[in-house]
Each structure stands twice: as C-alpha cells, then as structure tokens.
Amino acid sequence: EELETLRDIERAAGALFADIGLAAVAADDPDTVEMLTEYLYASRIWLITSNNDTPVGYGYVEVLDDLAHLEQLSVRPEAGRRGVGTRLLEHICAWAAHERYQAMTLTTFRDVPWNAPFYAMHGFRILAEAEAGPQLRLRRTREAEHGLDPERRVCMRRDF
C-alpha cells in the first residue's frame, strides 16, 4: 500500500537535481506502481521510515551480470543528511551479501555530491569501462539513450 508513497519520495528526492542544473533528471517520472510491485514480489525492495513510522526512503535492486545492482535509492530531502540513506544502503548491501552476491553495482552521477562521492564513502569504487559486465554496459547505453550524459555517469561496484 506504500508503493505510491515511494513514487512521491523519489519525486521529492529527484527535485534536488533541478537545483544543480539537471532539470530533466528532476522531471523524470519514477517507476510505476506496477513495476515497483514486481520488486516487492521478488523481495528486492526496501522501505525505511522515520521514528513516527512515516516512510522517508526506499531502495530496490535488480540483478545484472549475476550481481546485485542498486537500481534506486531515494530519501526525502527533509530526512537527508541524517544517516537515513546510509542505513538503507548498508541494509541493502547486507541483504546482497547474505544472498551470496559477490558484489553490488550501480550507476550514478560522477560529480553530484550525494551520488558517486556518497557511494565512494561506503566502499564503492568507480569501474573502468572494461570491468563492467555486458548487462551493466547495456544499462549505461540505455541511460544515454534516455538523455543522461555518459560523461557525467559512472558505474560503481562494492565487493562483498
């Protein structure tokens, strides 16, 4: 029943991109409730709440190249910079390690403070192009087709 709320969280988190000149990213629609439902049924989506049980963040994982791939991690701006994203990320990474994935990958903006620098602080490293598997490279190609500047995007990986 919180799936529409997750879309609201992503919209709110995405609005921050407009402030740094990435209005198209801010305007991008979140995944549909139907798509989020697929992650729910696959047990690969997580919600984090505030102390009063209000949803403030969520993340979900796909499987690419036989690795866990963090497809989305969003936190409401008003809950930001309080460790919510870190707790959520660490929980998802712990799940992936428990499920015996060798690593977690993701794609993100190289130069946005709450993107690549955030993930680097949590054990992710930027991959060289040759290190990315075929499905991850295809993901990057689709991002570029969707209008995301490939020069500003990186693939990252955290080994377990």
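Student: Which residue stands opposite Ile126 in strand 6?

Tutor: In this predicted model, strand 5 and strand 6 (residues 153-159) pair in the antiparallel sense over two bridges. Strand 5 covers residues 125-126, and the residue that stands opposite Ile126 in strand 6 is Met156.

Student: In what order do the six strands form the open sheet, and which are the edge strands?

Tutor: Strands of a sheet pair through backbone hydrogen bonds, either parallel or antiparallel. Here the pairing is mixed, and the six strands of the open sheet follow the order 1-2-3-4-6-5. An edge strand pairs on one side only, which applies to strand 1 (45-49) and strand 5 (125-126).

Student: What angle does helix 1 make with strand 2?

Tutor: Helix 1 (residues 3-14) lies across strand 1, strand 2 (55-64) and strand 3 (67-75). Helix 3 (residues 33-41) also packs on the sheet, where it touches strand 1 and strand 2 and makes about 75° with the direction of strand 2. For helix 1, the angle to strand 2 is about 95°.

Student: Why is helix 1 described as roughly perpendicular to helix 3?

Tutor: The axes of helix 1 and helix 3 are 9 Å apart, and the helices pack at an angle of about 110°. Angles of 65 to 115 degrees count as roughly perpendicular, so helix 1 and helix 3 are roughly perpendicular.

Student: Which residues of helix 3 make the contact with helix 1?

Tutor: The crossing of the two helices is right-handed. Helix 1 contributes Leu3, Glu4, Leu6 and Arg7. By class, the contact has five nonpolar, one polar and two charged residues. From helix 3, the residues are Val33, Leu36, Thr37 and Leu40.

Definitions and conventions:
Residues numbered from 1 in each chain as written. Predicted model: local features only at pLDDT ≥ 70, side-chain atom pairs only at ≥ 80, totals over all residues. Heavy atoms only, no water. Pairing = 2+ DSSP bridges. Helix = DSSP H or I, 4+ residues; strand = E, 2+ residues; numbered from the N terminus. Contact = heavy atoms within 4.5 Å. Axes fitted to C-alpha atoms, helices over the stretch in contact; angles between N-to-C directions. Parallel < 35°, antiparallel > 145°, perpendicular 65-115°, else oblique. Left-handed = near helix turned anticlockwise from the far one by under 90°. Nonpolar A, V, L, I, M, F, W, Y, C, P; charged D, E, K, R; others polar.
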